[in-house]
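Please look at the sequence and the structure first.

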Amino acid sequence: MKLRLAIVGAGPAGIYAADILLKYERSFDVSIDLFEQLPAPYGLVRYGVAPDHPRIKGIITALREVLDRGDIRIFGNVLYGRDITLDDLKKHYHAVIFATGAVRDASLDIPGIDLPGSYGAADFVSWYDGHPDYPREWPLEAQSVAVIGNGNVALDVARILAKHPEDLLPTEIPDNVYEGLKVSPVTDVHVFGRRGPMQVKFTPLELRELGELRDVDMIVYDEDFDYDEASRRAIESNKQVFVIDKVLSQWRQREVGQASRRLHLHFYAKPLEVVGDEHGITAFRYERTEPDGSGGVRGTGEIREVPIQALYRAVGYFGSPLDGIPFDEDRGVIPNHEGQVVDHHNEVVPGVYATGWIKRGPVGLIGHTKSDAMETISHLVKGQASWWTPSEPEEDAIPALLQERGVIYTDLDGWHRLDEHEMALGQPHGRARIKVVPREEMVRISRD
């Protein structure tokens, strides 16, 4: 018996699921095909992590080792629902795992959020990471910018906006992004969070990096640091919170006023409205909040305004529905029980599984992705009785099918070619790589 498995999505979630299954104790052989809509693998590690985060890019090394073993096939530039359908998968595989992640911005329902100059952080991240399906230009005309959110993505966006672009040159930043950032007139970036500084969602490492920016003053406000009992307890009991408190306390002692740019952190700020008209944004209006004594916040009735000309909402990522697969519109995930996909009657759908952010929502780091995949794989292995019965499970059926449909796909050798090409582009400039951005060019280089 041989399990033919399709995995849709070649980011960390999909690659870890493949790796875990291959190492899993089982009584049958396995052959795995990864389908990825982009010409290159690694998902959000390639297209969702800021270019000046080489440490997180180190995850790619681990993912590369899995793919380079050669026991997983990858079909890039193949879109599920268009190039390959659920019926195709049932015909050629025993089961499918969806690992499509979450790439849309969660919405922020306040007046003015759709004004010109108001953006989703995920779109901006895709631009500065050279995602092939996003425009090459980004409007950077604002002197004063608001970033709404208190997670790592909010800090990434704020850092990229405030950082002097020449300090990004040693990274893999695409040329069009460097040129775009170079003309930005920004002087002030304001980050707003609804709760207090001890309830933030970002990690100490991200925060500390902000304070290392050249010629950027970190501005924090003393009124935000009158801690309540819950915050003091958090500092005593949680190492991460302790470090965050330490970093912010050091910033409060710093001399400011000499730098050409400023990065402001505003806490206890509940978004109320983006102020402006069809010509653009003029201000961000918020209500000052205060601790409610039980770890949350309540409004104080005090309304404030900060003049801005652009706004980025970084309030979370959201999953996208997939053809023929149940979808929870409220949570942006595929409904499932421990990775087994369920329909609207809560009945398990045979042969269909999920892992990663499309399974659990956009929370948790790489460690969670591994344990998540382990849970899904254990159900897949035990669920042999409910697998599909494919009529054409032969491995050569898939390349033939894609060829017949005129799908110009990329494979692992192609990814190696593109990878080497990008590194070669960076070499003369002393850079790790320069990313190729246009999809057609990525495919052309991959296919030699």
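This is a predicted model: local features need pLDDT of at least 70, side-chain atom pairs count only at pLDDT 80 or more; totals for chains, interfaces and linings use all residues.

Residues are numbered from 1 along each chain as its sequence is written, and side-chain values use heavy atoms, with hydrogens and water left out.

**Terms for helices and burial**

- Helices (H or I, at least four residues) are DSSP runs, numbered from the N terminus.
- Buried means under 20% relative accessible area, exposed means over 50%, and partly exposed lies in between (1.4 Å probe, protein chains only).

**Helices with a buried face**

- In helix H7 (residues 175-182), the residues Val177, Tyr178, Gly180 and Leu181 are buried.
- These buried residues line one face of H7, because they fall within an arc of 165° when seen down the helix axis; the arc is that of the directions from the helix axis to the C-beta atoms.
- Helix H5 (121-128) and helix H6 (152-162) are included in what covers the buried residues of H7, where contact means heavy atoms within 4.5 Å.
- Helix H9 (residues 229-237) has Ala230, Ser231, Ala234 and Ile235 as its buried residues.
- The arc for the buried residues of H9 is 140°, so they too line one face of their helix.
- The buried residues of H9 pack against helix H10 (239-253), while Glu236 and Ser237 are exposed on the other side of H9.
- An α-helix has 3.6 residues a turn, so residues three or four places apart point the same way.

**A helix crossing**

- The axes of helix H14 (residues 412-426) and helix H15 (residues 439-446) come within 7 Å and cross at roughly 110°.
- H14 and H15 are therefore roughly perpendicular to each other, a term for angles of 65 to 115 degrees.
- Gly414, Arg417, Leu418 and His421 in H14 meet Met442, Ile445 and Ser446 in H15.

**Two single residues**

- Ala373 lies in helix H12 and counts as buried, at 0% relative accessibility.
- Leaving aside neighbours within four places in sequence, Ala373 is in contact with Tyr16, Ala17, Ile20 and Thr355.
- Glu394 lies in the loop between helix H12 (366-382) and helix H13 (397-404), and is partly exposed, with a relative accessible area of 42%.
- Glu394 and His92 are 302 residues apart along the chain, and their C-alpha atoms are separated by 7.2 Å.

Technical notes. Helices (H or I, at least four residues) and strands (E, at least two) are DSSP runs, numbered from the N terminus. Axes are lines fitted to C-alpha atoms, for helices over the stretch in contact, and angles run from 0 to 180 degrees between N-to-C directions. Angles under 35 degrees count as roughly parallel, over 145 as roughly antiparallel, 65 to 115 as roughly perpendicular and the rest as oblique.
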